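Please consider the structure displayed below.

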Amino acid sequence: MPKSTESSRLLVKSHFLIRFFFFFVINYSAVASIDVERETSKESKSLKVVPIGVVLDQNSPLGLTVDLCMKMAVSDFYEAHPNFTTRLQLHTKNAETVLDANFAAVDLLKHEQVHGIIRPQTSTEETFFAELGQKSHVPIISFNARTSSLPSTYSVRTTPDDSVQARALAAICRAFELPEIAVLYEETNSGNQFISHLNKAFQEVDIGLAYMVPIQTSAEDTDISKELYKLSRKQTRVFLVHTNPSLGFRLFTLAKSAGVMSEEYAWIVTNSLSIFLNSIDSAVRDSMEGVVGVRPYVLNSKALESFKERLRRNMTMSNTTTTSPITELNVYGLWAYDTVTALAIALEKIVPFNSTSLGPRLLNELLTTKFRGLTGDFELFNGKMKPLAFEIFNVIGTGEKTVGFWTPERGITRDLSSAGEKTYATSAKELKTITWPGDSVTRPKGWAIPTTGNLRVGVPWKHGFTEFANVIIDKKTRRTNATGFSIDIFLAALEVLPFPTKYQFFHYNDTRNTNWSYDDMLRGIPEDYDMVVGDVTVWAPRAAHVDFSLPYSESGVILVVKNKKPFDMWIFMKPLRWDLWLAIVVACVLMGVVLHILENRVTSNDADSIIENIERRRAIYWSPVTVLAFPERNMVSNNWSFFVLVLWLFMAFILMQSYTANLSAILTVDQLKFAFSDSYYVGCQEGSFMKEFLINQLHISPSRLRSYNSSEEYHKAMSKGSKNGGIDAIFDEIPYMKLFLNKYDPQYKMAGPTYRTGGFGFAFPVGSPLVAHFSKAILDVTQGPNMTAIEQKNFGPGYSSQDPLSSRISQQTSSLTFYEFAGLFLIIGSVTLFSLICSETAIGRKLTDKTTNFIHILFHFKSSRVMSMEVDGDTNEPVANDDDVSDVSVRDGTDTSTRVFEAGPENGEIIDNVTGNNQQ
């Protein structure tokens with residue numbers, strides 16, 4: 001009993017203690033709970049909650065992932081910063097369409113009174129959102145890589161825009177030495193904006209955008225396959241894809257089926273596809289084998305790995321996993337995470353604040369916020385994320401291999417952490433080995449002969465001038481063959497190309513339609529022909545549709561006219577004009593009169609001399625003419641007459657030489673001065689650009705133009721003349737007209753200036769890489785030793801394009817006038833007048849005598865001094881004085897004989913023994 005009683009007491013005590021313990025715990029918990037609620041209530045009253053709107057498509061896998069990343073960003077940030085007095089509160093609205101997004105934004109501003117909106121990842125709503133933010137003074141934040149067409153001061157982009165990515169793509173294509181690319185893009189506003197950035201970036205590195213193929217978002221597989229088939233027939237082998245993931249992955253699956261993912265092809269993708277490569281299935285990845293792409297580079301870190309792990313757990317717990325392939329974390333989720341973090345940091349900087357000015361202040365702080373996020377350094381520049389590095393990768397097997405990087409500062413580099421001088425690199429040697437489509441490690445050259453196997457060469461079927469291109473159709477096989485000068489140049493160029501090329505001729509104008517034209521033929525490039533070979537002129541208006549090689553022929557347009565000689569019985573009069581003829585006749589008469597006056601002073605007492613002088617005076621009138629025919633005869637006796645005749649002969653010889661030269665020009669050069677008038681018709685070649693050239697450049701009326709096809713038709717029309725239904729002149733290119741003149745040389749001449757054209761060349765599609773190769777080959781051929789043989793084979797022996805245009809007319813030869821020789825007549829007249837004055841006037845004779853005596857005394861004095869030095873000093877011979885007879889030999893100014901003057905006995909009178917005249 002005692003033991004049982006003791007046990008009972010112990011049991012009662014234990015029950016009492018247990019009840020007391022539970023009562024204490026319950027009461028303590030209640031008190032603690034009340035304290036926590038009070039503290040929480042007190043804390044919540046001190047926090048500033050700021051609503052931020054979010055517009056997303058929550059029914060899409062990407063929208064769900066982004067939404068979860070933003071919620072995790074809020075939770076992680078305030079868990080790391082519990083002392084912050086502000087709190088972001090995200091108000092998310094679902095929007096599947098553009099209209100839904102617009103209504104959601106308005107609802108967020110009106111009912112939720114948000115102070116910022118994170119807009120959708122698509123760009124279709126950006127115009128509306130930009131205007132909405134500008135009017136409501138609320139920052140509109142986006143984390144897509146598009147560029148708004150209507151920039152707003154309240155628009156903020158927390159990612160690099162497309163212009164940076166376009167520069168990276170251009171640098172990569174330049175490093176691979178790709179001459180041109182074809183772009184396949186989604187036909188949306190953002191796609192069109194991306195093309196504008198791409199076009200600008202590629203122009204800076206001189207790479208052409210050969211083809212731009214827009215694809216509708218809702219395009220069927222058959223539509224995409226048709227575009228791929230067209231591209232397979234082009235020369236370009238480099239394709240750049242910029243579409244949404246769903247459309248892009250379908251495109252690559254179809255591209256593999258179309259055979260354009262094989263060797264010699266190159267495919268490049270933008271970040272619109274490359275961001276989602278971690279979510280594609282094995283079939284799509286297999287179709288993208290060898291693709292090269294770019295995407296924003298995200299440096300792996302412990303924080304990033306931790307976030308990825310927590311995101312997977314949260315996605316599983318929240319049951320957000322979907323069957324769509326886009327469920328894995330990509331850079332869009334990281335951008336969304338960093339965007340919310342930047343908003344939280346900016347919001348804390350503006351405490352205290354009021355709701356009226358919160359939007360502009362939040363915008364200003366957000367633009368200056370800097371921190372280290374999951375994607376790297378977060379820093380905005382001009383409302384956009386500061387350009388970061390792009391990763392260059394290569395799709396291989398079940399994954400991607402990073403082959404290098406591109407940064408705005410360093411260009412292409414293999415490793416971002418490499419030290420050394422930071423120079424901008426553009427070489428592909430900086431990249432690791434790339435495996436291209438078809439498991440090839442050889443870099444594609446970017447172009448190839450179309451998959452038809454042969455180069456489709458268009459040749460014109462001409463009616464005339466078949467020396468350049470002559471089409472021959474095989475009656476059995478119906479295959480087109482061609483011969484001629486242009487064809488031989490083409491075949492010779494093929495032999496020097498650095499690669500083998502198969503070709504097949506296709507003729508144009510097989511019905512021999514008279515209304516055909518070279519322009520219509522060139523419009524068949526590239527649909528019907530890969531190039532056109534023939535006598536196709538390189539002309540500026542055509543260059544807008546095709547590219548030309550260097551010319552292989554002479555260039556220029558000339559005028560050919562009839563060779564009518566203006567000969568008549570008075571042709572000898574034409575070298576000199578009437579005024580010069582009259583001046584010469586008058587000069588001859590006056591010269592004869594002057595010579596008669598001068599010779600009249602010559603007298604002689606001898607009978608024979610008198611008769612001779614009379615005959616000389618009769619002939620003296622004709623001396624200006626007879627002296628030219630009988631230069632050996634002594635027709636004058638007076639010194640002045642002789643002087644005058646010498647100058648006359650000088651002038652006469654000049655006139656004779658000028659007359660001969662001008663007469664030769666008249667007899668050898670066609671003086672036809674062709675001038676267009678309303679009665680003239682002009683011929684040009686059918687189908688060429690000449691008709692448009694003459695109308696637009698030379699302003700010739702279209703009604704005065706007539707077209708012909710051959711040299712024979714030209715000749716027949718020129719023979720008729722304009723009045724008989726023909727023409728009076730031909731305008732055509734030099735190669736054609738040289739052939740025409742070689743055939744009808746005596747009857748026609750080239751006239752007028754040469755108008756510039758480009759010569760004959762080969763035509764290619766715009767941006768074709770074959771242009772450079774054929775241009776170099778043409779230089780090798782035209783400057784090589786076989787060029788002359790090719791010309792003479794097609795144009796005949798002796799032909800050479802290097803020959804000058806010897807038949808060209810000079811229209812400047814005309815009759816000489818008196819004005820051209822007025823100076824000569826002035827000199828002759830002055831000398832003649834001076835001779836008359838010196839011979840026939842007393843003053844002139846006295847001046848002449850004094851001058852003559854002075855010269856004689858000067859020379860006589862010098863000779864006397866010399867003689868006196870030679871005489872011996874002992875001689876006794878008397879020296880004559882002034883009073884003695886003095887024999888003086890002087891040369892009179894009016895006679896060529898020697899006279900003896902004797903001192904007269906009276907008054908010192910001097911007697912002239914020749915003339916008998918007394919002189920004082």
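Arg295 and Glu391 form a salt bridge, in which the closest N and O atoms are 3.3 Å apart. Arg295 belongs to strand β10 (residues 292–296) and Glu391 to strand β14 (residues 390–396), so this pair ties together parts that are 96 residues apart in sequence. Both residues, Arg295 and Glu391, are buried. It should be kept in mind that the model is predicted.

A second salt bridge joins the side chains of Glu400 and Arg285, at 2.7 Å from N to O. Here Glu400 lies in strand β15 (residues 399–407), whereas Arg285 lies in helix α10 (residues 282–287); the pair therefore ties together parts that are 115 residues apart in sequence. Glu400 is partly exposed, with a relative accessible area of 30%. Arg285, in contrast, counts as buried because its relative accessibility is 10%, and the cut-off for buried is under 20%.

Lys776 is exposed, with a relative accessible area of 56%, while Asp780 is partly exposed at 39%.

Attention may now turn to helix α21. In this helix, which spans residues 711–720, the buried residues are Ser711, Tyr714, His715, Ala717 and Met718. They lie on the same side of α21, because they cover an arc of only 165° around the axis. What do the buried residues of α21 pack against? Their partners are the strands β23 (557–562), β24 (682–685), β25 (705–708), β26 (729–733) and β27 (748–755), together with helix α22 (734–743). Just after α21, Gly721 adopts a positive phi of about 85°.

These details belong to a chain of 920 residues, of which 47% count as buried. The chain contains 26 helices and 32 strands. Among its contacts with a separation of 6 or more, 70% are accounted for by residues 24 or more positions apart. The accessible surface of the chain comes to about 48,400 Å², and 56% of that surface belongs to carbon and sulfur atoms.

Technical notes: Residues numbered from 1 in each chain as written. Predicted model: local features only at pLDDT ≥ 70, side-chain atom pairs only at ≥ 80, totals over all residues. Heavy atoms only, no water. Helix = DSSP H or I, 4+ residues; strand = E, 2+ residues; numbered from the N terminus. Buried < 20%, exposed > 50% of the residue type's maximum accessible area, 1.4 Å probe, protein only. Contact = heavy atoms within 4.5 Å. Areas by Shrake-Rupley, 256 points an atom, 1.4 Å probe, with all protein chains shown as cover. Arc of directions from axis to C-beta. Salt bridge = Lys/Arg side-chain N within 4 Å of Asp/Glu carboxyl O.
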